[in-house]
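Please read the following briefing alongside the sequence and the coordinates.

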Amino acid sequence: MESFPAMFTHPSPEPDAVPPPLSPLSEGLEEACADGVRDMAAAFAFTLGRASLGVGRGVVMSVTRSWLQENGRPYGPGLKAFQACDGFVLVETRTEALALWAMEQALRSGGAALVIGTVDGAELAQTRRLEFAARDGGCSGLLLRTRSGDLSAARRRWRITTHASAGGAFDDRAPGRMTIRAEMTRSRMERPGIWMLEQDDETHRLRLADRLAGDGLGPISRTRYA
């Protein structure tokens, strides 16, 4: 059986600790894997909802043409909700190799606060280069993927699944808040766990689902290390 470092066995955080999904993305590389085709939009929203954008530093997204054909282009007016529309650059490439190159250059430049890459086939050595580039550029990098399990240098790895939202506050038939299940499958800093999150209508940031808001701790379950 694989052994795990002591960091995965530390006691639970204090009740008022901020759960990782509600903390802004830090410098370095993370991964978010959409559990299915219909979950890619939720994984994208999960990423932008945690972005910490400074003055003059926006978002760069490096995508392949095949990814755009499968998922479509980000909706410009919708990006305004995440305060990313004024500084959002979409880089379209023919291959994943070119998407990786563009992502690395954007990370290393220091001109972006967040760089997203839609690359499924990144190998361990390539993710290490992205981690180093993000630290050199003082920004956050995130690989948006459709498969998980490959070796990676990402500091955190997520599996994102869309869930049915609850009804509206005053009408059960009205659409409720966007609700997602965020499973942290691996981390260098915390124990893996699962969070049910929803989007706040006013701030457009993620928060614990209403039914969990009084529980204090973020994780509602922990299944396994992946």
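This is a predicted model: local features need pLDDT of at least 70, side-chain atom pairs count only at pLDDT 80 or more; totals for chains, interfaces and linings use all residues.

Residues are numbered from 1 along each chain as its sequence is written, and side-chain values use heavy atoms, with hydrogens and water left out.

**Surroundings of Glu92**
- With a relative accessible area of 38%, Glu92 is partly exposed, a class that falls between buried (under 20%) and exposed (over 50%), using a 1.4 Å probe and protein chains only.
- Leaving aside residues up to four places away in sequence, Glu92 touches Val63, Arg65, Leu68 and Arg73, a contact being heavy atoms within 4.5 Å.
- The side chain of Glu92 makes polar contacts with the side chains of Arg73, at 2.8 Å, and of Arg65, at 3.5 Å; such a contact is a pair of N or O atoms within 3.5 Å, of which, within protein, one must be able to donate a hydrogen and the other to accept it, and residues adjacent in sequence count only if both atoms are side-chain atoms.
- The C-alpha atoms of Glu92 and Ala102, which are 10 residues apart along the chain, are separated by 9.3 Å.

**Helices**
- Helix H1 (residues 40–49) is largely enclosed by the rest of the structure, because 9 of its 10 residues are buried; among them are Met40, Phe44, Phe46 and Leu48.
- Helix H4 (residues 96–109) and helix H5 (residues 124–137) pack at an angle of about 25°, with their axes 7 Å apart; axes are lines fitted to C-alpha atoms, for helices over the stretch in contact, and angles run from 0 to 180 degrees between N-to-C directions.
- The contact involves residues including Leu100, Met103 and Leu107 of H4 and Leu130, Ala133 and Ala134 of H5.

**Cysteines**
- Cys33 is buried at 7% relative accessible area, and Cys139 is likewise buried at 2%.
- The count of disulfides comes to 0, where a disulfide is a pair of cysteine sulfur atoms within 2.5 Å.

**Whole protein**
- The secondary structure comes to 5 helices and 9 strands, which follow the pattern β-α-β-α-α-β-α-β-α-β-β-β-β-β along the sequence.
- Buried residues make up 45% of the 226 residues.
- Among contacts between residues at least 6 apart in sequence, 73% join residues at least 24 apart.

Note on methods. Helices (H or I, at least four residues) and strands (E, at least two) are DSSP runs, numbered from the N terminus.
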